[in-house]
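Here is a friendly walk through a few spots that are worth a look in this model. Keep the sequence and the 3D view open as you read.

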Amino acid sequence: MTPEGQTRRLISKRPKPRSWWLLNKRYTIYMLRELTAIPLLGFVLLCLYQLIKLSAGQSSYESLLSAMSSPAWILINAFILVASILHSVTWILLMPKGLPEFIVGIRVPPAPVLFGGFATWIAVSGIIVTICIRL
Amino acid sequence: MLERRIKVNVERQNFELQEGIYTQSYEVPVMDGMMVLDALNYIRDEIDSTLAFRWSCRMGICGSCGMTVDEQPRLTCQDNLNEYSDEISVAPLNNFPVIRDLVVDIDDFMQKKLPSVSPWLIRKEEAPLDEGEYLQSPAEMAKYADNSACINCMLCYSACPVYDMEPNFVGPAAMALAQRYNLDSRDQGSGARYSVLSGPDALWDCTFVGECSVACPKGVNPAEAIQRAKVEAAQRWAKSIIMPWSQK
Amino acid sequence: MTTLQHDLVIIGGGLAGLRAAIEAARTAEKAGKSLDIAIVSKVYPVRSHSVSAEGGAAAVLRDYDTFDLHAMDTIRGADFLADQDAVEILVNSAPSEIIQMEHWGCPWNRDEDGHVSVRAFGGMSVKRTVFASDKTGFHMLHTLFQTSLKYTTITRYDEWFVTSIIADDKEVHGIVGLDISTGSFHAIKAKAVMLAAGGGGRVFAFTTNGSICTGDGMALAYRAGAPLKDMEFVQFHPTGLPNTGILITEAARGEGGYLINAKGERFLEKYIPNKMEMGPRDIISRAIITELEQGLGYGESKDGFVHLDLRHLGEKHLKSRLPFILELTRTYMGIDPVIEPIPVRPVLHYMMGGVHTDNDGRTPLKGLYSAGENACVTINGANRLGSNSLTECLVFGARAGSAAAGYIFETAGSDKDLSTFAERDETKIRTRFLTERNRGEKVSVIRKELQATMEEGAGVFRTAKGLNGSIEKLAELRERAQRLQIKDSTRTYNLELVGALELDFMLDVADTIVQSAHNRQESRGAHVRRDFPERDDEKWLIHQQANMTPKGLKIKKSPVTITKWQPEERKY
């Protein structure tokens, strides 16, 4: 501690380059994952808009659907899909760092955690896709 | 055998002499097994006595000598020069105010953040000493052993982008140490700690970068400690909604 | 400049200092009185060298063990130079201190039944050393540091270097400290001051001690007029890593490791067959040096080594009991003890001597207290047993803390005005070191010559000739150190200046070691004179107290307290 009236003259923190997140690949992946929040938010808004159109009646919903079958919209949706896959995969890859021990009470090595994470993710996605196709 | 010589580029500053950062380069002869800290000590003893950096135990346990080496947070006394090229950069830890040269100000952690999480064993009642120790099995001890290995070297804060953006963020080491006590079978004070951890600038500011656990030189896993605490905090919150009477 | 003020100022934030601070705070709490405590440390407390202690802390906790047995082991280990009343206090208080640490959260290793585990240690006749893995000091220090955070009456001055103790013939008034981060000097007024600043192993070149162990607390007391006792007794730990001096814990032998010479023999058979690797440190260190001198070690005798073989213990056992040793040997030697023996040689480890205190940490100077390695109670006598020092920090740290609190409650405190003292120290130091700073030699040059002459004259085996050489060399170095070349004249975090102040302290401490050693014409414990190879109880069953006088160092002799155990031949 420094007595009152004797404040330390501190130089500010070491400046970080704007490209600090390119310094190692884990930071880069982290920033990309954070960035996927934007396309994912877009997707949510799109879904909401679809709901609004749906509630406005069949014709308005169908006009939206036909608009969305344009190549530009398909590209946008493909981009969102890639972003959500990136988000999920990088998040699951972090799971061994955050998860071991707290389910079964013993330390679980990374491999089973990763396997469990991916398996759950694929299974849940599979169920949703199946339901969508059936409908 | 030809002596290996490396170039050490040290990022320096001393506001009394000049404003701003400057880099000074030193040539250091290197023997097999030398650490980055040994190179700095060679510089201070033989070339430039004005270079300021902290060190003490030189065996990876006192936590003094954390620095940024080739842009990575490292504990320099256990950072072997064999793993580097013939030119390295040494800078102060990121995310902390610099006092001078390689010395950063960590009072924020030592005087504020660490005490804020009550890192001591809390009992409702202290048992008298002549009743002996509180029993604890090796398995119960293993639950918090990793988190108790923190040497407060501050590498995790230096690696944490959240701490960089949110200086009030309680941060990885302090939260791992809070968990060290929360997970201790002898402790009865997790309620008080969770009220801090669930509050502002703590658990929920962590965006799970995971870099704290990569940076830790002692095998502590703050990322895990924080994610576990998030689950526990969420459960406690849910319980307080469903069963408000359970909260005392 | 305003003078800062506290009731109790503790210099040093390691085990002894923190334990004392907590005990002082608790004593005040219990008495319903206010007590304002400050810890002044040149490093953040968790950096203190207590952090490097590995093996464990001794206490009688098992049914098969007795206080008398622990006391007898300690006294025999000390070659009968320990004060036996102090030893009795140590062994009697040790169990409750260990339990207290447990109640504060210290992660002592446990047996399956949930009780604290014990392991074997050198010179201890039964298993009585409790431990926290092989990072015992680290865990104890962090436990105490974190516990200290809950006491709001404890204020910390981290990274403050104490330049002097303010005292007159009668009593202590406070200290002057240099805030390293700003370069400013401040006086802190106090009713009592406690020195718990550790030892000064860095006066030797090859040491387990960290860079901060420069004997500051000892030199501060010495200059303030308190005597330094038993300074000739410095401990060489048998097993340090060559080159770096990094400590390989005695617990490695306690867990069953062997010492092996270059012929593949467990050579301790020749020296201490009944104890072998579990002998006391002084005897084993001498055995290793003797082997090296006879050409039975590896490498050159001067920096040769023998092997510490842990291979037969198996990977599982090593990982669970000695994980830090695996880490250290891999990191610093590139060696895996699971499949290779570890090269080791004796290395300066600990100073049995220190500031003379009574059993409550009081020094002869009123209001000045001391505990831990800084002090000399004395329980360690001529040779400390491994795992007694951590216990000593707890037991005598707590006693000194509570005694200091009691003293403060009884004393009004002086009305001495300390406002000029900070300026006095600042002017003196800046004039000496920073005004004519380019005339002399570098701090590192003098420091290295000091360390070399201590290795030369005051090592494991000593002679009058060698010690004389060191005494003369030290006088020469002191002269040369009057003019140092200090390039850095800035105030902010000027570690070159701090290094010069430390060097100045080291010169004092080194001087008391060699002069006391030269004076003691016998061999006892860790002090072995080739010219006086026998123990001489008739003349030398006494302590030596080194006093600083205007005419230089003067040694005063004082008796050893014997209670139950009459001195006899030290046999194992």
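## Leu318(C), a buried leucine

Leu318(C) counts as buried, because its relative accessibility is 1%, under the 20% cut-off used for that label. Bear in mind that this is a predicted model. To find the residue, go to helix 8 of chain C, which covers residues 315-321.

Which residues does Leu318(C) touch, once those up to four places away in sequence are set aside? They are Leu310(C), Leu313(C), Pro323(C), Leu326(C), Pro337(C) and Val338(C).

## Asp134(C), a buried charge

Next, move to the loop that links strand 5 (129-130) with helix 4 (136-148) in chain C, where you will find Asp134(C). Asp134(C) is buried, yet it has no salt bridge. The nearest side chain of opposite charge belongs to Arg119(C), 6.4 Å away.

What polar partners does the side chain of Asp134(C) have? One is the side chain of Ser133(C), joined to that of Asp134(C) by a polar contact of 3.3 Å. Another is the backbone nitrogen of Ile325(C), which lies 2.9 Å from a polar atom of the Asp134(C) side chain. Beyond its neighbours within four places in sequence, Asp134(C) is in contact with Glu54(C), Thr249(C) and a run of residues made up of Arg321(C), Leu322(C), Pro323(C), Phe324(C) and Ile325(C). Pro323(C) is also among the residues that Leu318(C) touches.

His307(C) sits in strand 14 of chain C, residues 306-309. Is this histidine buried or exposed? His307(C) is buried, because its relative accessible area is 15%.

The side chains of His307(C) and Tyr298(C) are joined by a polar contact of 3.2 Å. Leaving out residues up to four places away in sequence, His307(C) touches Tyr258(C), Leu259(C) and Ile260(C), then Tyr298(C), and finally Pro341(C), Ile342(C), Pro343(C) and Val344(C).

## A nonpolar patch on chain A

Now for the surface. Leu41(A), Val44(A), Leu45(A), Leu48(A), Leu51(A) and Leu54(A) make up a nonpolar surface patch, and together they have about 570 Å² of accessible area. One of them, Leu48(A), belongs to helix 2 of chain A, residues 37-55. Leu48(A) counts as partly exposed, because its relative accessibility is 44%.

When you view the patch, recall a point about helices in general. An α-helix has 3.6 residues a turn, so residues three or four places apart point the same way.

## Chain B as a whole

Chain B contains nine helices and seven strands. Along the principal axes, its C-alpha atoms fill a box of roughly 70 × 40 × 30 Å. Of the 248 residues in chain B, 61% are buried.

Contacts in chain B between residues at least 6 apart in sequence include 61% that join residues at least 24 apart. The chain exposes about 9,600 Å², and carbon and sulfur atoms supply 53% of that area.

Note on methods. Residues are numbered from 1 along each chain as its sequence is written. Chains are lettered from A and ligands numbered from 1 in the order in which they are written. This is a predicted model: local features need pLDDT of at least 70, side-chain atom pairs count only at pLDDT 80 or more; totals for chains, interfaces and linings use all residues. Side-chain values use heavy atoms; hydrogens and water are left out. Patches are made of residues with over 30% relative accessible area and no salt bridge: like charges are joined within 9 Å, nonpolar side chains (Val, Leu, Ile, Met, Phe, Trp, Tyr) within 5 Å. Accessible areas come from the Shrake-Rupley method with a 1.4 Å probe; for residues, only the protein chains shown count as cover. A salt bridge is a side-chain nitrogen of Lys or Arg within 4 Å of a carboxyl oxygen of Asp or Glu. Helices (H or I, at least four residues) and strands (E, at least two) are DSSP runs, numbered from the N terminus. Buried means under 20% relative accessible area, exposed over 50%, partly exposed in between (1.4 Å probe, protein chains only). Lys and Arg count as positive and Asp and Glu as negative; His and the chain ends are not counted. A polar contact is a pair of N or O atoms within 3.5 Å; within protein, one must be able to donate a hydrogen and the other to accept it, and residues adjacent in sequence count only if both atoms are side-chain atoms. Contact means heavy atoms within 4.5 Å.
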